Each structure stands twice: as C-alpha cells, then as structure tokens.
Amino acid sequence: MTPSASAAFGLFSSGTKKNEDLKQMLESSKDSAKLDAMKRIVGMIAKGKNASELFPAVVKNVASKNIEIKKLVYVYLMRYAEEQQDLALLSISTFQRALKDPNQLIRASALRVLSSIRVPIIVPIMMLAIKEASSDLSPYVRKNAAHAIQKLYSLDPEQKDMLIEVIEKLLKDRSTLVAGSVVMAFEEVCPDRIDLIHKNYRKLCNLLVDVEEWGQVVIIHMLTRYARTQFVSPWKDDEVVEEYNENNFYQSDEEQKEKVQKVKNTYTMDPDHRLLLRNTKPLLQSRNAAVVMAVAQLYWHLAPKSEAGIVSKSLVRLLRSNREVQYIVLQNIATMSIQRKGMFEPYLKSFYVRSTDPTMIKTLKLDILTNLANEANISTLLREFQTYVKSQDKQFAAATIEAIGRCATNITEVTDTCLNGLVCLLSNRDEIVVAESVVVIKKLLQTQPANHGEIIKHMAKLLDNITVPVARASILWLIGEYCERVPKIAPDVLRKTAKSFTNEDDLVKLQILNLGAKLYLTNSKQTKLLTQYILNLSKYDQSYDIRDRTRFIRQLIVPNEKSGALSKYAKKIFLAQKPAPLLESPFKDRDHFQLGTLSHTLNSRATGYLELSDWPGVAPDPSVRNVDIAEVAKEWTGIRGKPKKEKPTGKFYSESEEEEESASGSESEKEDKEETSSDESSGSYSSSEESSNSESDSKESTAKKTSRAAAESDSEDIKVKGISKKRSTSSSSDTDSTSSKESSSDSKSESDSKSDFVSGKSVSAISSKKEETTVQDRKAPNKQDVFLLDLDDFCPVTTPMAVPAAALLSPSLTADLEGLSLSSSSVIDVATQVSMPTKTHELLHRMSGKGLAANYHFSRQPGIFGDCMVSVQVTVTNTTDQKIENIHIEEKKLPPGMRMHEFSPIECLEPAGSITVSMGIDFCDSTQTASFQLCTKDDHFNVSIQPPVGELLLPVTMSEKDFKKEQGMLTGMNETSATIAVAPQNSTRLVIIERVVKAANLGVVPSGQDNIHRFAAKTVHSGSLMLVTVELKESSTAQLVINTEKTVIGSILLRELKPVLSQG
C-alpha cells in the first residue's frame, strides 16, 4: 500500500478508532475512565454526531454504582432506546430496579427510558411503572409519569381507561411542576372528558402564574375550551358587570350580597369566568411569546369585548421578536383587526413596514394597515403606501397596489383619489406595477363605470406597451364591457389585437373573443368582418379551451338555421350587468379557527385540532366546580399570594381597622394608576401585575375624581383672582425647589405632589389648571389624575381673559420672562379660555318646535363632564303663552364611539321664560353630527349638533422653546400649510390673536419675534397637540402652518382659518 493510500485510509478510519477507544474506556474497571468516556459520548450527541454503535458498551454500565455515570448512561439511553429496542429490552430488569432508586433523577430517567422502548410486549410493565410513579413523593418523577402516559397511549390505545384513572389522580396534584404535563396528557388522551376538570378548575387557574411557560400555554388552551362549554356568552351585553373584582377580597359577605342584588337584572359574569380572566391577565407580561399569544387568544374568545383590548399592547410588543414569531403574531392581529379595528388603531405606526422586513412580514403588515384604514387615518396611510409602491420588492409593491384598491372600495371618500393615483402608476417603468394597477383599476371601475370613460380611453392607449397577460386581458375586458362608452376606440382596439392574435397568451385570446362578440352585438357594421376573422383564427387554435369558446360564440351570435332559442338572448347574455367584485382581506373567514393554532395559520383543519364549541344558551350548574372546604384548605396551602374566596361569617377586623384598610387600599390604587399612566406614556412595558391591573380596573374611580376636581376648581378660580404678579414670581421659584425635593423623596401625599406640577411656569401663566399634561405623556392624557393647585405653596397670576394677557406683553419682554423659568423640564398645561364670545347656533326654530326655541353655543369649559367631553350650553326659550313641561333628551343617534352627557330634565318652563343648561358631547375628534330628540311632555323634535373643528380643541400654554421642540417632531406628513393674503389692518398682533382665538379654541404661545404668532391646543378626545403658526411676510402675505398628528382635523382647521385671516 502506498503512503498516500494509507493516509487516506487513516482519514476514513479515524472515527472507528476513536469509538474503539471509547469502548475500551467503558469496559475499564476505573470509574474515572468510564465517566470521561460518557462525557465525551454525551458531547458527541449534543453536537449531532451518531453514537448509536456504542449502545451495547454503554448499556452494560446502567447498573453502575457511581451516580454520575448512571445519570449520563440514562441520558444516552433516552436518546437511543427507541432505535435499539432489542438491546434495550435485555436490560429491562435493570430499568425496573432503577424505578426504586433513592435518587429522583434516576427514577425519572428509568421511566423515560422504559417509555421510549416502543414494544407492545412491555405495555403491562410500563402501565405498572406509570401507576407507581404517579404516587411518587418527587414532583419531578410524577411529571415524567404524565409524559409517559402519552407515549403509552400512542403505543396501545386500548389502555385508555386505565390511563384516564392516572390522569384523574395527577390532575389533583398540587405541584406546579406536574400541572402542565398532566394537562398535556389530558389533551392527548381524553380531551372530551370535561368532567375531570370541574373540581380542578379553580386550582389550575390559581396555579397558572407559577407553572413553567410551556405548561402555561397548554393549560390556557385547555381552559379556553372548558370555559366555552361552561359559561354563557359575555358578548350579549356590551356593558358587563364585574361582580367579583379585585376589591371583593376586602369586602364583607353582606356588601357582596347587596352588590349582587343591584345587578340582577343585567348580565352577570360567572365568578369562575372572571377568575380565569383575572389570573391570566398578568401573563401578558411574560417573556415567552407563546404564553402571551395564548392569553391573547383566551381574551379574544372569552372576554367581554370591552376588555379584550388589553391584549393589543402585549401583541404589539411581540413584534420586536424574531421574524418567525412576528409572522404568527401578525397573522392573528390581521384576523382580530377585521372584527375590532379599535383594538389596534392606537398602535398604527407599529405596523409600518421596515425596509429590513422579509416579504411575508411586509405583506401581513400591509394587510393589517388596510384593515385599520378609516376616514381619520386614510390620508396618512395613502402617503405611506406611496412609498411602498416604489419598493424594490416587486411582490410587495404589487400587494400595496391591491391594498390601495381595498382602501378605495371600503372608504368612498378616497375612491377618486386612489383611482387617480393608480392611473398615474400606469406610466411606471416596472411592468409588474403597471399590471397590478390595471387589474385593481378594472375592479374599481366596476363599482362606478359611468364616470370613468376617460380612464378606459387612457388604458386602451397603453395596450400597445403592456405585455403582462393578466393586464392585457383586464384592459380588453374593460373595453368590451363598456364598449358603448368608447364607441370609437373599441373597434380600433379589436383591429390591433386581431393582428397579434396568434402570438397572444391564452388568457388574452379569450378576452379578444369576448370583445369581438360584444362589438358584433353592439356595432356590427364596423366589426362584423373583424369578428369573423378572429373566429376563423381561433377555430384552429392549439388550445381546446379557445376552440370550444369559438364554437359556442359563433352559434350564439351569428344567426343561422341551426341556431337555437338562445341566440335571441345573446345580447342579454354577453352584456348583462356584472356584480362588482369584493376586495376583501384573506383573513376574513379565518376566525372560525381558534387563534394561535396551526389550523389558523394554515387556514385548514390540522390533525389533532380541537374545535371551540359555541357558548351554551344556559350556563351548566356552577356547583360542579365546588370543592369540600377541607379539601380546598389542604390543596391551597402551598399556593403563594392567592387569597381564599371562603371567609368566616364573623368579621376578622374591627370596624375602625376595616375603614383604615379601605382608605389605604384607595391610596395605593391612586399610586398604581399614576405609575401605569407614566409607564404607558414612556412606552415601557411594566412587568408588575398591579400596574397592568390598574389600567382597566380603576377607570370608574378616575371619572369620579375628574368630576370632583372640576367642581373644586370653580371655587379655586374665585380665590386666585386677586393676587399680584410679585407674589407669583417669588412663589413659583419657591415651588421649583420644593418640587425638586419632592421628586427625590418620592412622596406619596397628594398635597405635595400638586406643587410638583407647577414647576417651570413663566409669569404669563394662565389660571385654573384643570389637568396636567407633560410632553412625554401627551399621547395618553385620559389616564392622568386631575389635581388641584395647592394655594398655600403657589399663587399664580390670573387675568379675566387669557388671550389679551399674553398679547399685551411685548415680544422682547416675553422672551426675557421665558428665561426666568428655573426648571429645565418643559411643561405644557391646559389653559382655560374665558370671556371670548363664541357664535350661537340654532338648535330648534320656534316654528318647528311649536313655540319651543333652542339655541346652543360652545362654552369652551374643559373637564365639566369628563376629560373627553366638549361642553355645550343650550338655551331653551318658551315663546308660547302656555307652560311647557318636562323638557328632556331622548333617542340619541350617535356615530360609533361618540358619547353624550345629557342635561337634567327641565320640569317646567314658564311662558316667555328662558333657561340655559349644559351638556357634554364626546365628538371623538371628528366633525360628525350628534343627532338626538329634544322632547317635551307632548312632542318630540329631531335636532342635531355639529361642532366647528375649532371647538374640538382645548387651549394649552407652553414656552416658545417647547413649541419649537414639539413642532420639530410633527413635520413631514404631520404638517399642512398655506399662503394667504392679509389686509394691512389685520396684520397687527392683537387683531390676529383675536381673530384666530375667536375661530378656534387655541392658547397663545409667547413669541420672541414680531412677525411670528404661535398658538397651541390639544384635541379634547385624544389629547393630540395642535400647533398653529402665523408668519407675516412681505407684500401683505402670511404663511399659515399647522402641525398635528391628526392630519384630517389639521387640514379642516387650515381651511377654516384662511378666510378668517384674509378677510377685511
């Protein structure tokens, strides 16, 4: 043998030699050598190398006295026992002995190896081993017994009844280690045996937080199925009464009974149903994406619709994970967003496409954006789509064009805009973009063809340049369908396509035949010979589809002796009105699969999929879930932090102690709520259960606090009015130092925290602050508590009218005063506009109202009826000579999301009497009409209130520096501007301020330049900033700029302010 050959042989035999070396080490009498060999073998397995040929040498050491060797031998055997079943059977007596080993790891490993030997002959041995292991003292061994159940069931399904007994026993286990594994065994062996879950339901709900992550996923899916069979639907009634909330633990039985009596007539959620929802909620903070997804699907399928929204934030957080997780999460969000748009609208920007996203993620995000499109955000989305069309990813660009088409059909206001945009894309150099545009335009034109003859002509001209078959076919179909609208162009198109007929694609040939047939029926003089020529060509075509179509068309349109009765109706058949195609999301019908399952992802039923049952009409008996008190006490001893529902009849605390307890509870609730709102505004995701709970559970208390604060602030206005400027300057600097101390000590008392909100205020501060809105949390203003100013610490300057106060200061003085602010933190405060006359609108004319007249105006008073309500003052006048009784509101017809706070009924209005009442309307930042009935004792009158866009705002005060900072963040698509001509008499500072503030409820921002005037406000409903700048230019012109996230409101406000500033 040559040296090179021996070297080559050595290269291939090195693996064998190495294994020989390991075999010798395993047969050594020294434990150290055996241990070293086993470590190397386990290392080989970890690297994915095949070590199966060492099985005989390894299995000999299964009875080793050394515990470390024994552990590693079992690791090896668990990997290869299934492959080498015959050799493993030889050592079965050793495995049986190991089941009695004092070490729990050895007992568990022996059971795992035994269950891996998939030979029917050892089924009785396995069954016995599982029964013994299920009673083992070690929870780890009991967990492995649960795993072995599934293996034995797949090997011998006839053992099902005996295995169910073991499952029933293990379901009663109190260990969190066992819970997930036994529920998995239950799902595999007997998922229909719901009766096994009844007694263990509450225990599983309470253990859920402490179970390992994959166990949590299995349990949540099982409990979702269980809940759908045991509880009635919470979707029947929109307003769900939360009978057992977090505070019930601190309430006596008598108080609970009173609460139940109050709500008996409405839907009441079963306490066990609420228990499940409450105990799964903290898992939305889990680091495991599968757990978050499982909780999300549980809330989607089980929670009242008003509560399901809490999962949206957690699902959006998962979009930071890897692309595989993103894909699954986005699929589920796409399904959710079709039915409930409101859940994901606040997170619209999270679904914007990144250039680094793979195509599958881009397409899903695009689908979600299209689902979320509405009148308010469509302008922003279309701008975003314009960028996507230019993408290098052609598949994605085509999908974007289809998305634009869907938006156009769903939102009629933008149909023409989208259509014009798609027509512009027809001149694109990229064929795929042009082809997709043609297909989408065809579908859009079918919805309203009468208005678009020009577009059809334009597309006919493009026919010479487009080569993609689908696009050519779409153009020919359009021309054929609407040939009577383009009588001159259609025959010419037929002539051109007849020339190229033999070279066309089959799809195009079929449309040429259709076009010829339609023209033959409508314009036979010009096209008779052409159509016959095309029919002759296609008669001998290679495709039998085209030959068949030709024979059918010839018999139908060319009359002869053999023609049947159908030829009379040829025109009706070919030119029948076609239904417009529906452009729908591909996820529309996926919701019949359970979210988060493989079946939902594939959109087809996968093996092993368990369907969710429909809600029962009447809830089954809830007492089946009751457990004996002795048993409950025994089972719950090991559960941390889960208070028992059962309470002794006698009160444990004295009455005074109970009062202290409830007081401290309400204080902690306030603190929790403050933490939650600050967390949300900064975009961080709190991992604490308390902060997440306080988001939804304390909305009621927020509303109460808001109304209380509003009432107190009126009295505060009176106190503050007579205080001088000097006092204000000194006290504001005092407050600064106080607030810095407060922030370091993190004090919890309300009076101290009040002073913290006033730091950094300039002398031109405006009175009666109703609400604190910092720059960071302007996106979540509704969650903030409303605090009153502490008058002992701080006495601000107030003026009877907010606008002239700022206006009277010269620009240079305001710039100097701005520098006096000692705090570095920027503050944006809600101001109250007073003494500014607003226009009165007619609500009900005295002729229409049978002598009852009503006018209304917007009082510009924030926070009277709640944070989101616009205050409206209605003046009702009796012009008759009779009393009018019981004037009230009925039958409110409000658009979705809009709310109304009615005025209290007027019992009696004397003849020639007049009364003014206040009401609040949440217009949801839109100028939609709020319609309702103004009723008297005898009559009903239909009336409506439509707000000018300027009344949907609350003025805010801020420094020039803060204004510029905020404006810098709201550029690009968030900016609208116009140049207007200004009359010389309108160019003074006072006139501009007066006119702008009269037209819109804006606050004046101090400006250091004479020619620039700045105004700031925030929208009442969402708290989005609205920044208005009027910059005077030369030659009597001015630049009007509006910066806001709410682009639709911004553009309407721009339209309304232009005539206000330009008129003489």
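Q: Why does D367 count as buried?
A: D367 has a relative accessibility of 9%, and buried means under 20% relative accessible area, with exposed being over 50% and partly exposed in between (1.4 Å probe, protein chains only), so D367 counts as buried. This is a predicted model, in which local features need pLDDT of at least 70 and side-chain atom pairs count only at pLDDT 80 or more, while totals for chains, interfaces and linings use all residues. Residues are numbered from 1 along each chain as its sequence is written, and side-chain values use heavy atoms, leaving out hydrogens and water.

Q: What makes the meeting of the R406 and D367 side chains a salt bridge?
A: The term requires a side-chain nitrogen of Lys or Arg within 4 Å of a carboxyl oxygen of Asp or Glu, and the N to O distance for R406 and D367 is 2.9 Å, so this pair is a salt bridge. R406 belongs to helix 22 (residues 394-410) and D367 to helix 20 (residues 359-372), so the pair ties together parts 39 residues apart in sequence. R406 is also buried, its relative accessible area being 6%.

Q: How do you know that E213 counts as partly exposed and R287 as exposed?
A: E213 has 24% relative accessibility and is therefore partly exposed, whereas R287, at 77%, is exposed. The two residues form a salt bridge in which the closest N and O atoms are 2.8 Å apart. This pair joins distant parts of the chain, with E213 in helix 14 and R287 in the loop between helix 16 (271-280) and helix 17 (289-302), 74 residues apart.

Q: Why do R225 and E187 count as buried?
A: R225 is at 11% relative accessibility and therefore counts as buried, and E187, at 16%, is likewise buried. Their side chains meet in a salt bridge at 2.5 Å, N to O. Distant parts of the chain are linked here, R225 lying in helix 14 (residues 213-230) and E187 in helix 11 (residues 176-189), 38 residues apart.

Q: How do you know that the span of helix 7 agrees with its number of residues?
A: Helices are DSSP runs (H or I, at least four residues), numbered from the N terminus, and the expected span is 1.5 Å times one less than the number of residues. For the 13 residues of helix 7 (residues 104-116) this should give 18 Å, and the end C-alpha atoms are 18 Å apart, which agrees.

Q: What makes helix 7 mostly covered?
A: Ten of the 13 residues of helix 7 are buried, including I106, L111 and V113. Among the elements covering them are helix 4 (67-80) and helix 9 (139-155).

Technical notes. Helices (H or I, at least four residues) and strands (E, at least two) are DSSP runs, numbered from the N terminus. Contact means heavy atoms within 4.5 Å.
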